[in-house]
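Let's take a walk through this structure together.

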Amino acid sequence: RPALLRAVPWLVPLGAAALFAIAGGLVWLQAGARRRDTALYRAAVADHVNDVVKKVGRPGWQTSPEGLSSFALAATGTADVLSRISLTDTRLVRARACRLGGIVFAHFIYEADGREFSVFVRRDRASLRGPTLDVVRDRPVRGCDVDDFGSVGFQTQDLTVLIVADSPRDDVLRLARRLVEQLS
């Protein structure tokens with residue numbers, strides 16, 4: 001044994017504790033970064049749960065065709081956004097403005113096969129992080145699972161789009177692929 005370790009017997013446990021603390025700190029920092037990367041998806045799922053699953057009565061919903069069209073124009077700054085994000089086998093049910101992580105999005109609720117899903121749209125390119133699940137037409141499709149909800153998002157030249165459904169992520173990813181194809 002080296003003389004230093006014999007003279008100061010507590011040096012080895014102290015060194016081990018320091019290494020353990022450093023490793024714990026790195027794990028904590030990595031978990032925090034992961035949570036920041038998925039914060040927007042988590043906020044979208046929370047809004048979807050309140051508006052679709054729990055059907056919390058909030059003001060501001062537009063349901064008439066005229067109301068939906070004028071809301072879409074006001075919320076996104078483009079008149080054709082509804083035709084751009086509508087899929088052939090879906091029906092737009094209602095829409096309103098919402099905040100996801102402090103960023104204003106237009107929340108469109110669609111119905112397909114008796115189930116509702118949410119499409120959140122923002123006119124500019126909000127910061128969209130998270131793991132890349134697929135690449136469609138050179139556009140990364142990112143997302144994560146939050147509880148039992150699939151949540152994915154992508155960006156076009158002028159839009160940030162998030163999709164949330166109480167379906168497996170693969171089903172939501174299929175929706176996202178179709179929307180990317182349609183918007184590109």
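**Starting from the core**

The largest nonpolar core holds 31 residues, and those with the most contacts inside it are Ile85, Phe108, Val119, Phe154, Val161 and Ile163. A nonpolar core here is a set of buried Ala, Val, Leu, Ile, Met, Phe, Trp, Tyr and Cys residues joined through side-chain atoms within 4.5 Å. Two or more residues come from each of α4 (65–76), α5 (81–85), β1 (91–100), β2 (103–112), β3, β6 (149–155), β7 (160–165) and α6. The biggest giver is α6, with seven residues. Apart from this core lies another one, of 15 residues, including Tyr41, Val45, Phe105 and Leu128. In soluble globular proteins, nonpolar side chains tend to be buried together.

Before going further, a word on what you're looking at. This is a predicted model, with residues numbered from 1 along each chain as its sequence is written. Local features need pLDDT of at least 70 and side-chain atom pairs count only at pLDDT 80 or more, while totals for chains, interfaces and linings use all residues; side-chain values use heavy atoms, with hydrogens and water left out. The pLDDT (the predictor's confidence in each residue, from 0 to 100) averages 82 over the chain, and 79% of the residues score at least 70. Take care with residues 25–35, where pLDDT stays under 50 and the model has one contact beyond four places in sequence.

Now the overall layout. The chain has six helices and seven strands, taken as DSSP runs (H or I, at least four residues, for helices; E, at least two, for strands) and numbered from the N terminus. Reading along the sequence gives you α-α-α-α-α-β-β-β-β-β-β-β-α. Of the 184 residues in the chain, 41% are buried; buried means under 20% relative accessible area, exposed means over 50%, and partly exposed is in between, using a 1.4 Å probe and protein chains only. Among contacts (heavy atoms within 4.5 Å) with a separation of 6 or more, 56% join residues 24 or more positions apart.

Back to Phe108, then. Which residues does Phe108 touch, leaving aside its neighbours within four places in sequence? They are Phe71, Ala72, Leu82, Ile85, Leu92, Arg94, Ala95, Phe117, Ser118, Val119 and Val121.

Beyond four places in sequence, Ser151 touches Tyr41, Val45, Arg142, Gly143, Cys144, Ile163 and Val164. Val146, in strand β5, is also a buried residue, at 5% relative accessibility. Its contacts, again leaving aside neighbours within four places, are Tyr41, Arg42 and Val45. From Val146 to Val164, 18 residues along the chain, the C-alpha atoms are separated by 9.6 Å.

Move on to the loop between β5 and β6, where you'll find Asp147. Is Asp147 buried or exposed? Asp147 is exposed, because its relative accessible area is 69%. Its phi is near 55°, a positive value in a residue other than glycine. Lys55, in the loop between α3 (39–53) and α4, also has a positive phi, of about 50°, and is not a glycine either. As background, most residues other than glycine have a negative phi.

Next, the chain end. Ser184 lies in the segment after α6 and is partly exposed, because its relative accessibility is 39%. Arg137 is in the loop between β4 (132–136) and β5 (139–146), and its own contacts beyond four places are Glu181 and Ser184. Ser184 and Arg137 are 47 residues apart along the chain, yet their C-alpha atoms are separated by 7.4 Å. Arg137 and Val180 are 43 residues apart in sequence and 7.5 Å apart in space, C-alpha to C-alpha.

Finally, look for the largest pocket, with a volume of about 240 Å³. Of its 14 lining residues, the closest to its centre are Ala112, Asp113, Phe117, Ser167 and Leu175. On a 1 Å grid over the protein atoms alone, a pocket is an open set of points where a 1.4 Å probe fits, with protein on both sides within 12 Å along at least five of seven lines, and lining residues have an atom within 4 Å of a point. Points are joined across faces, edges and corners, and the volume is the space filled by probe spheres set on them. Both β3 (115–122) and α6 (169–183) supply at least two lining residues, with the largest share, four residues, coming from α6. The lining divides into five nonpolar, two polar and seven charged residues, where Ala, Val, Leu, Ile, Met, Phe, Trp, Tyr, Cys and Pro count as nonpolar, Asp, Glu, Lys and Arg as charged, and the others, Gly among them, as polar.
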